[in-house]
Amino acid sequence: MTGGPGQGKSTLSLRLAADIATHLLEGAEPPLSEPVVPLRLTARELAARLTSPFPQALADSAVADHGAYLGPDLDPRVFAARVSGRRWLLLVDGLDEVASAPQRDRLVHVLAAWASTPDSPYRVVLTTRPIEGSALAPLQQIGAARYELQPFDEPALRRFAANWFDDPTHTDRFLRQIRAAHLHELVCVPLLATIAAIVYEQHGDRPLPDNQYELYESYLKYLRGRSEHTLQPLLEHLGRVRLEEDTSLIAAAESWARTHLPTTDGLIDQLTATGPFTRRGDDLRFLHHSFAEHLAATAQARRLPDRFTPDHGDFATLLHSARPDHQGRHARAVLLHYTHLHPSQADELLRWLHEGTADHHLLAARLLAAHLPASAETSAAFLATARDWAMTSTYPAMKILSAASRATHHPGLGHWLADLMRDEDAPGPPASKPPPHWPPACAGKQRRRPRPASSRPPATRRCRCRTASRRPKPSRSAEAPRGPPRKPASEASSTTRAPPRPIAARPRSSWPGSAPQPVSAP
């Protein structure tokens, strides 16, 4: 089961375990056709115990995850066979949270081996964020099904708000604030919708923050209440520990406190009362892994120089690491947090990226989409270059345009987009014919829906894919191009492109020859 951060993977595993347990204890309607006994474990705990026989590893992980909720002397032999003829349903949550790549790969191999035989005492549900590479290949080889959690669309977001607020007036006002702050893309994620609802209740008449950084900061401030800020460095330290090491957060907190605080008395109780933590077993857990990522990015950003210097080793490493799509998320978050801590350096960063290569332009567009706090003048200068990219079919023109068009905090974005749509030379549908079935704001990444042949205009404009005047592919050189190629006046037109198609209507491929099944977020 794959899904992005905050999409509801952990909630889904908890709900499935609860529904099956309710059926077993009260005779309710079974959620699965096969009778099973659920056992929910975190991937981090299980991966750290695979040096033991598998039943022993399951027992030790259950004790680590559930602690005092279990009775004494949990016998590993219970997990070695079926229970009253029922298989164990192992709900293993958060594969992507295993910090060690070798441990993560070993866990996938072990789960695939135990689930591959018909007489196995286990069925397995594994949740994870999308992982690049071949980490999930063992599951592919045994024919495991793959499902993908879908984001909130507009009707789902309205149902969420109606269930959260008792008063329809607050429901409508909350949704109006979401639109006014251009938060549609963020609150498509259930976790962020929940945080936005909590912040809305705390803010009273004040508008919601318009970006993820300030939304998380507002929520953490709400958790702290009136307590002192002396624990903020500790929270950031624990965020880094969780991302970089598989170690106890309580041990890490006490070790840090012995050096930085006069006493450690009541420290863990204070963390659970004022921080994004919960007690699980004998250790602390973040309420959600994204809180650890947010705090770790802030901690790393604080250690950077006060002035942006691209030749500095730390900045050079970040700028290089921030380029990949999924793997560059954390590095981009560090750069973004740095500009919120040092707002005057946002323009310096954007100008430097603007003067760089195509990869730098794509990184700049992605940072603007995340609401980089750059000035209107500097942002407008970069958007002019993004418009030049939009007039070409050269990679990464579409990625730059897609990211730049989400810089909703820039005051001139609406005029910029409208002007681009009216441009007859732009390779897209003319403004006089808006695309039908325009997808809702929360539809996520879009696919393109082909038009019926009868509705297509005559092929009088240059097409990107099927005309004799198609631009040859650029050669791959060692250095990326430094800017968008300018289109000659002789190539001033192109055929109308098909309108976008929502991803839920055409699922992305998963294993070769199959596609993930779309699943509504819980």
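Let's call a residue buried when its relative accessible area is under 20%, exposed when that area is over 50%, and partly exposed in between, using a 1.4 Å probe and protein chains only. What you're looking at is a predicted model, in which local features need pLDDT of at least 70 and side-chain atom pairs count only at pLDDT 80 or more, while totals for chains, interfaces and linings use all residues. Residues are numbered from 1 along each chain as its sequence is written, and side-chain values use heavy atoms, with hydrogens and water left out.

First, the overview. The protein has 21 helices and nine strands; these are DSSP runs numbered from the N terminus, with helices being H or I of at least four residues and strands E of at least two. Of its 522 residues, 45% count as buried. Take contact to mean heavy atoms within 4.5 Å; then, among contacts between residues at least 6 apart in sequence, 70% join residues at least 24 apart.

Now go to helix α7, residues 168–180. Thr171, Phe174, Leu175, Gln177 and Ile178 are the buried residues of α7. Looking down the axis of α7, they fall within an arc of 155°, so they line one face of the helix; that arc is taken from the directions from the helix axis to the C-beta atoms. Thr169 and Ala180, on the other side of α7, are exposed.

What do the buried residues of α7 pack against? Their partners are α6 (154–164), α8 (184–187) and α9 (190–203). As for the ends of α7, a side-chain oxygen of Asp167 comes within 2.9 Å of the backbone nitrogen of Thr169 at the start, and just after the helix, His182 takes a positive phi of about 55°.

Staying with α9, find Ile198 in that helix. Ile198 counts as buried because its relative accessible area is 12%. Leaving aside residues up to four places away in sequence, Ile198 touches Trp164, Tyr219 and Tyr222. Trp164 is 34 residues from Ile198 in sequence, yet their C-alpha atoms are 9.5 Å apart in space.

On the α17 side, the residues in contact include Trp352 and His354, and on the α18 side, His360 and Leu363 are among them.

Notes
A polar contact is a pair of N or O atoms within 3.5 Å; within protein, one must be able to donate a hydrogen and the other to accept it, and residues adjacent in sequence count only if both atoms are side-chain atoms.
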